[in-house]
Protein chains: 2
Amino acid sequence: MSFASNPAFQGFRPTPESIPPPNVSLRHGDPTNGLPVNIHPLNPVAFVLRAALNYPDKLAIAHPDVRYPVFYSYGIWSQRIQNLAYALIQHGIMSGDRVAVIAPNSPMIAGPVSTVLTLVLPLTEAATEAHSGVLAARAIIAPINTRLTKSEVSYILEHSGAKLILVDDECIHLVKDTKIPLVVTNDSGRPGDPYEEFLSAGRRFSKERGWPGLEAEIDENAPAVLCYTSGTTGRPKGVITTLRGSYLAAIANAYESQINRDSTYLWVLPMFHAAGWTFPWSIVFAFATQITIRTVNFTRIWSHFLHSGVTHYCAAPTVQIGIVNDPAARQLPQPISAIIAGAAPTAHLISELEKKGINPVHVYGLTEVSGIFYIYPSWAKLLLEERAKLMARQGQSFATAQEVRVVLPAKDGNDDMLVDVPKDGKSVGEIITRGNIVMKEYFRDPEATRKAFRGGYFHSGDLAVMHPDGAVAIMDRSKDIIISGGENASSLAIEQELASHPHILEVSVVARSHPKWGERPMAFVILHKHHVKTWEGMHDKFTRELKQHARARLPGFACPEWVQIVEDLPKTSTGKILKTDLRKIVAKL
Amino acid sequence: MSFASNPAFQGFRPTPESIPPPNVSLRHGDPTNGLPVNIHPLNPVAFVLRAALNYPDKLAIAHPDVRYPVFYSYGIWSQRIQNLAYALIQHGIMSGDRVAVIAPNSPMIAGPVSTVLTLVLPLTEAATEAHSGVLAARAIIAPINTRLTKSEVSYILEHSGAKLILVDDECIHLVKDTKIPLVVTNDSGRPGDPYEEFLSAGRRFSKERGWPGLEAEIDENAPAVLCYTSGTTGRPKGVITTLRGSYLAAIANAYESQINRDSTYLWVLPMFHAAGWTFPWSIVFAFATQITIRTVNFTRIWSHFLHSGVTHYCAAPTVQIGIVNDPAARQLPQPISAIIAGAAPTAHLISELEKKGINPVHVYGLTEVSGIFYIYPSWAKLLLEERAKLMARQGQSFATAQEVRVVLPAKDGNDDMLVDVPKDGKSVGEIITRGNIVMKEYFRDPEATRKAFRGGYFHSGDLAVMHPDGAVAIMDRSKDIIISGGENASSLAIEQELASHPHILEVSVVARSHPKWGERPMAFVILHKHHVKTWEGMHDKFTRELKQHARARLPGFACPEWVQIVEDLPKTSTGKILKTDLRKIVAKL
């Protein structure tokens with residue numbers, strides 16, 4: 001749905017002053033760049049330029065639910081991005097410098113993340129001659145999780161060596177006392193907003209020189225984004241992805257998710273997480289419209305589902321649970337694709353989504369693998385239970401990925417002889433992959449890089465089986481396996497079976513030490529709101545019932561020894577359950 | 001529609017002996033190849049491997065309308081392609097050697113063209129050690145137009161230096177007396193067919209070594225395909241495209257055409273033309289099914305439209321005219337996308353296609369630009385006439401292309417200062433472009449390459465305007481412009497207006513010399529079959545009526561001075577009207 005037919009955005013008109021005059025070319029720098037005629041370096045910035053050329057008046061980004069809503073057309077948006085590039089140069093940002101962004105989903109984070117802050121030419125004397133051969137300065141965008149603590153943010157800022165921070169005023173407490181220069185936004189898009197003033201500084205050069213004044217990066221393997229892992233264990237690691245990787249992953253995601261010029265993407269997933277699973281680029285590549293909302297507010301999400309023509313969004317299962325259970329949830333007028341990652345959706349969740357007209361697609365990825373690396377079709381003709389089982393698997397290799405393998409632990413530490421597990425759906429090995437959508441390296445951590453890249457492959461740390469049809473199914477993170485009486489029990493498999501109990505909303509299982517068996521599973525359970533009352537004061541009875549439910553479905557060693565009903569589970573900002581925190585609780589029992 | 005639900009292919013079952021055993025990995029050579037973990041060379045062969053891994057049992061290619069129909073699953077097909085690679089190595093084919101293919105659309109041409117005959121390791125002593133570091137041998141596939149004369153084919157075989165010819169027995173007269181070794185196919189897929197015997201020679205190695213025994217090409221910029229231009233003027237030129245170019249163009253075509261795993265592509269376009277506009281790769285990338293038919297038989301095409309679940313096909317307007325006018329034409333049960341190139345579809349053609357449920361998409365390309373380089377959305381809400389006008393334009397730059405420009409003729413021959421025409425829809429310039437989907441070079445013709453690549457851009461020779469919205473509209477090939485009294489008249493614009501006369505089926509306009517005006521337009525017209533009788537014996541009256549029709553729509557200098565009713569127009573095998581032939585007729589008048 002284009003903005004014109006989207007009732008929520010009927011008021012939108014691009015403000016004329018910002019539309020590039022019709023004869024301005026949007027190509028940047030010297031497009032030939034001394035390269036052969038049949039080569040141009042892969043770079044997601046091309047997406048913004050192409051969108052601005054082909055659809056200058058189309059709504060690129062809407063940020064409606066704030067005091068001063070903003071709506072930018074692709075023409076205006078590309079102009080603002082250009083202004084930002086010149087402003088950064090003016091500020092002294094050079095090739096390879098890191099620019100941190102700390103903000104909830106909003107145009108300020110969307111602009112830099114969508115485009116990658118590349119292609120900047122220092123405004124030195126040399127720069128007054130266009131195409132002067134001065135090497136491109138290229139900033140690396142480093143989006144930081146807004147839900148981290150101040151000390152975690154400080155660690156990342158120091159580790160990344162950020163030279164500038166773009167920060168939302170709500171996040172300013174996270175950067176108090178920093179010596180790094182700040183540009184603050186009030187998220188108003190209006191004159192007087194410090195971020196807008198910063199852009200204004202670039203506007204003068206922008207108007208004068210346009211995109212041709214910004215030198216394009218000639219090396220497609222240059223770093224583009226620095227994202228930190230969620231750090232569920234130890235310090236977060238900085239993941240460097242390249243221009244080439246981002247370009248290829250974004251196109252594949254647009255293809256696999258069937259996002260096109262008629263699509264509207266709602267930002268439920270925080271954009272700072274693994275570069276928004278590459279969707280900031282996929283959306284622009286597709287000429288689609290994106291809507292940013294600052295917080296995950298289910299009622300607001302439903303308002304956009306129902307009134308803004310939303311066609312796509314991404315979220316972890318725990319957020320999807322919140323969506324289907326919101327009182328505003330109802331049958332949708334248009335189908336929506338929900339891209340789910342972080343954990344497998346349960347049959348119950350799939351059914352609840354489908355009842356509303358939401359088509360779930362389960363994908364799997366890591367910060368290290370450009371967001372997402374496998375994806376699966378739907379099995380429209382299968383019955384729910386069968387479909388849910390297939391959808392719970394992680395699937396097969398992604399459109400632009402190299403082959404994904406599941407390999408046995410290296411013998412004698414010799415990773416040059418990687419041996420694939422048989423495709424029997426039973427033998428467990430580690431998921432490994434390589435190629436264009438894998439990260440370039442861990443920033444400033446050659447030791448961790450070497451360890452992750454042993455044998456010429458990226459080692460995911462996820463334990464999985466391979467089914468006869470080539471689909472990979474994760475059993476567990478290596479550290480989440482429960483070793484009970486010498487048997488390996490997959491906490492994920494146990495969770496999947498427990499979740500089939502109709503009274504359970506969410507469940508997480510971790511190992512708890514046991515005098516006889518070494519370890520036994522302990523389940524933490526959130527009851528569905530309709531059943532909280534049912535079991536009030538009868539938690540023991542519920543435990544017995546759930547154990548019985550488990551025994552009917554799982555081998556003895558995988559049945560939970562302990563069950564605890566809780567109101568909440570500890571989660572990362574992206575909705576991943578923090579098993580480390582659960583293990584800490586368990587350790588104190 | 002998958003083969004299982006496609007009534008025409010219900011009988012298809014992959015023959016068990018050819019299915020790769022479940023534990024065979026389909027990765028080829030050493031996947032790490034000494035490259036960084038985050039790099040794998042772009043190569044369309046990856047599409048076949050991925051399809052065979054993910055959908056081994058899905059119908060890849062059906063060739064139903066022959067004495068011995070064949071149906072290959074992706075598992076079987078990838079196996080046959082592997083056999084072919086080993087057979088070629090056995091035959092002594094080495095890196096960079098050209099293998100010519102002369103065949104109508106059939107599995108024999110589809111296999112090599114879809115996959116590019118790369119990745120072959122010579123079966124020398126060294127090859128007995130897998131991953132031995134022996135440089136990959138890589139054959140270049142050279143598909144040759146089956147409708148050329150024997151002498152034209154001889155020229156191409158000699159110019160290309162082909163070391164082997166795969167030839168259909170119906171085309172064998174084209175290669176009589178050649179000294180180059182031949183492998184003939186009876187297009188039977190059965191034992192005893194010489195092509196099958198040739199494959200058998202490779203099968204032994206194939207079974208033993210599989211894909212891992214075939215070394216992958218490490219240089220993604222290595223040549224992949226050698227296609228000859230249709231040569232409407234002078235000798236055909238050999239166009240070399242690369243692995244990278246093919247990979248990126250194919251993905252973009254799959255995205256833009258919305259081909260996916262549920263699609264069925266019917267081969268109406270000859271596959272030898274500009275590598276089938278990159279669709280041999282797009283189809284496999286998408287896990288779609290392709291159906292090959294040996295000849296353009298409209299009744300047979302309708303039979304597949306109606307009964308084989310066809311969703312996509314490509315063809316020039318003249319073939320589309322044949323399709324809509326066939327007696328078998330009717331309303332389709334499923335929508336079909338028709339990709340049209342070669343000339344702009346008229347409003348009448350668009351309307352006739354749409355009435356049947358066929359959605360036309362007009363695209364533009366050259367052999368030199370990996371098939372296709374712009375593509376346009378449909379304008380569903382506009383009225384037909386308005387929509388036809390917009391669709392007649394060539395549109396905007398393609399998903400993975402660099403910017404397309406329209407530039408003024410170089411001043412003083414200085415092509416380093418390319419000046420864009422204003423975006424006014426009026427100023428005429430030449431279409432130029434560059435980047436990943438442009439050819440690498442003209443084979444063995446550095447002079448023509450240099451001329452085409454002047455200023456760091458590929459010069460198309462097509463004259464066009466750029467509209468304010470950035471859409472390019474071709475006025476003419478430079479040589480087709482009619483200079484009448486010092487005014488430039490676009491033969492295409494004249495044709496477009498004449499074609500709006502309801503009695504006209506097809507029309508072509510060329511310059512004819514005129515004593516007063518220098519040149520004046522002459523129109524060659526095919527009447528619609530329902531109107532041939534209407535004007536029988538009254539061609540003069542029709543000429544007067546058509547001139548009047550023209551005067552109401554065109555400036556005086558662009559009105560045809562002469563009109564000739566003909567039964568046929570001279571055309572290339574891909575349906576492009578041969579204006580050179582018309583000019584020869586005109587010269588003799």
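Me: How many aromatic pairs are there over all chains?
Reply: The model is a predicted one. Rings of Phe, Tyr and Trp pair if their centres lie within 6.5 Å. Over all chains, the number of aromatic pairs by this rule is 24.

Me: Which geometry, stacked or edge-to-face, describes the rings of A:Trp302 and A:Phe305?
Reply: The ring centres of A:Trp302 and A:Phe305 are 5.2 Å apart, and their planes stand at 75°. Planes over 60 degrees apart count as edge-to-face. The pair A:Trp302 and A:Phe305 is therefore edge-to-face.

Me: What separates A:Trp302 and A:Phe305 along helix H9 of chain A?
Reply: Both residues belong to helix H9 (residues 298–307) of chain A. A:Trp302 and A:Phe305 are each buried. Because they are three residues apart in this helix, their separation is about one helical turn.

Me: What is the angle between the planes of A:Phe453 and A:Phe458?
Reply: A:Phe453 counts as buried because its relative accessibility is 14%. A:Phe458, at 2%, counts as buried too. The two rings form an edge-to-face pair, with 6.5 Å centre to centre and an angle between the planes of 85°.

Me: Why can the copies be said to meet through the same surface?
Reply: The interface residues of chain B can be checked against those of chain A. The copies meet through the same surface because the share of interface residues of chain B that are also interface residues in chain A is 98%.

Me: Which residue has its charged end over the ring of B:Tyr442?
Reply: In chain B, B:Arg235 lies over the face of B:Tyr155, 4.1 Å from the ring centre. For B:Tyr442, the charged end over the ring is 5.2 Å from its centre and belongs to B:Lys237.

Me: Which residue of E8(A) is the bridge partner of A:Pro223?
Reply: Strand E7 (residues 223–228) of chain A has five of its six residues buried. Five bridges join E7(A) to strand E8 (residues 238–242) of chain A, and the two run antiparallel. In E8(A), A:Pro223 has as its bridge partner A:Thr242.

Me: How many disulfides are there over all chains?
Reply: A disulfide requires cysteine sulfur atoms within 2.5 Å. The cysteine sulfur nearest to that of B:Cys171 is in B:Cys227, 16 Å away. For B:Cys314, the closest cysteine sulfur is also in B:Cys227, at 14 Å, which is too far for a bond. Over the whole structure, the number of disulfides is zero.

Me: How many of the nine residues of helix H10 of chain B are buried?
Reply: Helix H10 (residues 317–325) of chain B is largely enclosed by the rest of the structure. Its buried residues include B:Pro317, B:Gln320 and B:Val324. Among the elements that cover them are helix H9 (298–307) and strand E23 (504–514) of chain B. Of the nine residues of H10, the number buried is eight.

Note on methods: Residues are numbered from 1 along each chain as its sequence is written. Chains are lettered from A and ligands numbered from 1 in the order in which they are written. This is a predicted model: local features need pLDDT of at least 70, side-chain atom pairs count only at pLDDT 80 or more; totals for chains, interfaces and linings use all residues. Side-chain values use heavy atoms; hydrogens and water are left out. Rings of Phe, Tyr and Trp (its six-membered ring) pair if their centres lie within 6.5 Å; planes under 30 degrees apart count as stacked, over 60 as edge-to-face and the rest as tilted. Helices (H or I, at least four residues) and strands (E, at least two) are DSSP runs, numbered from the N terminus. Buried means under 20% relative accessible area, exposed over 50%, partly exposed in between (1.4 Å probe, protein chains only). A charge sits over a ring if NZ of Lys or CZ of Arg is within 6 Å of the ring centre and within 35 degrees of the ring normal. Two strands pair if DSSP finds at least two bridges between them. Contact means heavy atoms within 4.5 Å.
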